[in-house]
Amino acid sequence: MSDSTRFDVAVVEKARKGDDAALRTVVEKVEPMLRAYFTSRIGRRSEVDDLVQNTLVRLHRGISDLNDARRLKSFTMKAAVFELQDYYRGRYRAKEHLYDPDHPPTAASSSEPPAGTHYDFERVMSILSDKARTILEMREYGYLYAEIADALDTTEAAVKMQVKRAFEKLRETFDDT
């Protein structure tokens with residue numbers, strides 16, 4: 001192991017026991033190694049930044065479980081491999097946004113209701129069918145249209161139509177208030 005990636009066992013042990021300064025030192029030493037690893041595999045800077053940060057989060061959360069301070073590099077690289085696997089499995093693809101497909105938001109539009117406006121969420125959602133409510137809830141949790149269609153044993157087009165109709169019904173309700 002070169003000097004640039006050699007870890008002081010005493011510092012790693014302090015980090016493992018919760019010393020913030022030691023943890024910062026470990027992170028500063030590990031970060032360039034992770035950046036080089038991810039850059040050599042995918043190369044896109046924005047995604048590399050995300051992968052490095054997520055790996056550092058894994059390191060931060062798990063360093064107290066590290067039994068042998070001399071194994072920090074393998075511990076960190078294992079976390080990096082898991083992050084890379086998640087990336088290849090599609091965990092990092094851009095999330096779809098929840099909005100009416102026929103009326104996408106514009107730069108000038110705001111998702112915030114006018115000041116002083118209050119809605120009873122349960123009452124509003126109760127005007128929708130159970131299926132429409134389920135679909136909107138799944139979308140809010142981050143499910144893709146295709147995933148919802150699989151879960152509900154229907155087509156992606158049917159799910160999108162349910163979303164469109166739900167938004168129409170909600171828009172009508174809000175226009176009446």
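**View 1. Overall fold of the predicted model.** The secondary structure of this predicted protein model consists of eight helices and zero strands. Followed along the sequence, the order of elements is α-α-α-α-α-α-α-α. The protein has 177 residues, of which 29% are buried. Among contacts with a sequence separation of 6 or more, 62% join residues 24 or more positions apart.

**View 2. Accessible surface of the protein.**

View 3. Helix 1 covers residues 9-16. At its start, a side-chain oxygen of Asp8 comes to within 3.1 Å of the backbone nitrogen of Ala10. Just after helix 1, the backbone of Gly18 adopts a positive phi of about 105°.

View 4. Arg139 belongs to helix 6, which spans residues 130-140. Is Arg139 buried or exposed? Arg139 is classed as buried because its relative accessibility is 4%, and the cut-off for burial is under 20%. A polar atom of the Arg139 side chain lies 2.7 Å from the backbone oxygen of Tyr143.

Technical notes: Residues numbered from 1 in each chain as written. Predicted model: local features only at pLDDT ≥ 70, side-chain atom pairs only at ≥ 80, totals over all residues. Heavy atoms only, no water. Helix = DSSP H or I, 4+ residues; strand = E, 2+ residues; numbered from the N terminus. Buried < 20%, exposed > 50% of the residue type's maximum accessible area, 1.4 Å probe, protein only. Contact = heavy atoms within 4.5 Å. Polar contact = N/O pair within 3.5 Å; in protein donor to acceptor, adjacent residues only side chain to side chain.
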